[in-house]
Amino acid sequence: MKIQEVIVVEGKDDTKRINLAVNADTIETRGSAISDEVLDQIDQLNELRGVIVFTDPDFSGEKIRKTIQAAVPGVKHAFLRKKDAVPDGQGSLGVEHASPAAIREALAHLYTEVPDAQPVISQSDLLAAGLISGPKAKIRREILCEYLRIGYVNGKQLYKRLNLFQVTPQEFGAAVLHVREVEEQDEQQ
């Protein structure tokens with residue numbers, strides 16, 4: 001599988017793992033404190049070939065994502081599921097622990113930012129689905145974000161991310177239905 005865009009990863013081990021899964025060029029941020037030089041490179045690469053931000057599904061990965069998002073609007077994003085990023089032994093969640101199949105799966109579900117788009121999902125939609133208040137809101141968000149493959153976010157960020165990626169009302173509705181099905185299965189057990 002050849003990827004045209006340059007994939008933004010955190011480090012060398014991520015690059016090695018990506019190259020086991022796909023034929024792609026990468027650029028490494030070397031941690032969450034991204035230099036202006038690296039941000040400029042990402043911006044130039046986005047203009048030339050496009051970039052895909054593919055960071056670890058943890059706090060540092062989200063920080064990197066937000067930094068790039070602010071500096072280079074309109075990039076693409078791939079999200080690795082937390083369960084696919086767990087190390088065999090010690091260590092933290094990371095792309096470097098993912099199987100080639102999990103990486104290919106994440107890269108098959110890209111989201112492109114649409115920074116100036118009109119919101120298609122409202123706060124009242126999130127409230128009605130029990131995603132931003134109530135005792136089960138966090139668990140519901142985890143299930144929904146996993147289903148949509150958009151990375152886990154809090155309620156405020158969920159609204160922003162759904163609209164930034166222009167998740168359609170139909171996709172959102174299918175995800176909410178999935179959340180309800182999972183809840184029903186859990187209640188029956």
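Because the model is predicted, local features were considered only at a pLDDT of at least 70 and side-chain atom pairs only at pLDDT 80 or more, whereas totals for chains, interfaces and linings use all residues. Residues are numbered from 1 along each chain as its sequence is written, and side-chain values use heavy atoms, with hydrogens and water left out.

The largest nonpolar core contains 22 residues, among which Leu-144, Leu-148, Ile-150, Leu-158, Leu-162 and Phe-172 touch the most other members; a nonpolar core is here a set of buried Ala, Val, Leu, Ile, Met, Phe, Trp, Tyr and Cys residues joined through side-chain atoms within 4.5 Å, and buried stands for under 20% relative accessible area, exposed for over 50% and partly exposed for the range in between, with a 1.4 Å probe and protein chains only. Two or more residues of this core are supplied by each of helix 6 (137-148), helix 7 (155-164) and helix 8 (169-188), and helix 8 gives the most, with five residues. Helices (H or I, at least four residues) and strands (E, at least two) are DSSP runs numbered from the N terminus. Leu-162 is in contact (heavy atoms within 4.5 Å) with Ile-121, Leu-126, Leu-148, Ile-150, Val-167 and Phe-172, when its neighbours within four places in sequence are left aside. A second, separate core comprises 18 residues, including Val-22, Ala-24, Ile-52 and Ala-78.

Ile-121, one of the contacts of Leu-162, is placed in the loop between strand 5 and helix 5 (123-128) and counts as buried at 2% relative accessibility. With neighbours within four places in sequence again set aside, Ile-121 is in contact with Leu-126, Tyr-159, Leu-162, Asn-163, Val-167, Thr-168, Pro-169 and Phe-172. The C-alpha atom of Ile-121 is separated by 32 Å from that of Leu-48, which is 73 residues apart from it along the chain. Phe-54, found in the loop between strand 3 (51-53) and helix 3, is buried, with a relative accessible area of 0%. Not counting residues up to four places away in sequence, Phe-54 touches Ile-7, Val-8, Val-9, Ile-18, Arg-65, Ala-78, Phe-79, Leu-80, Val-95, Ile-103, Ala-106 and Leu-107. Between the C-alpha atoms of Phe-54 and Ile-150, which are 96 residues apart along the chain, the separation is 11 Å.

The largest pocket holds about 470 Å³ of space. On a 1 Å grid over the protein atoms alone, a pocket is an open set of points where a 1.4 Å probe fits, with protein on both sides within 12 Å along at least five of seven lines, and lining residues have an atom within 4 Å of a point; grid points are joined across faces, edges and corners, and the volume is the space filled by probe spheres set on the points. The lining consists of 24 residues, of which Glu-62, Lys-82, Gly-151, Tyr-152 and Val-153 lie nearest the centre of the pocket. Helix 3 (59-71), helix 6 and helix 7 are the elements that give two or more residues to this lining, and the largest share, five residues, comes from helix 3. By class, the lining has eight nonpolar, four polar and twelve charged residues, where Ala, Val, Leu, Ile, Met, Phe, Trp, Tyr, Cys and Pro count as nonpolar, Asp, Glu, Lys and Arg as charged, and the others, Gly among them, as polar.

Two aromatic pairs were found in a search of the whole structure; rings of Phe, Tyr and Trp (its six-membered ring) pair if their centres lie within 6.5 Å, and planes under 30 degrees apart count as stacked, over 60 as edge-to-face and the rest as tilted. The ring centres of Tyr-111 and Phe-165 are 5.0 Å apart and the planes lie at 20°, so this pair is stacked. Because Tyr-111 lies in strand 5 (residues 111-112) and Phe-165 in the loop between helix 7 and helix 8, the pair ties together parts that are 54 residues apart in sequence. Tyr-111 counts as buried at 14% relative accessibility, and Phe-165 is buried with a relative accessible area of 6%. Together with Phe-79, Tyr-111 and Phe-165 form one aromatic cluster.

Gln-166, in the loop between helix 7 and helix 8, has a positive phi of about 55° although it is not a glycine, and is partly exposed at a relative accessible area of 26%.
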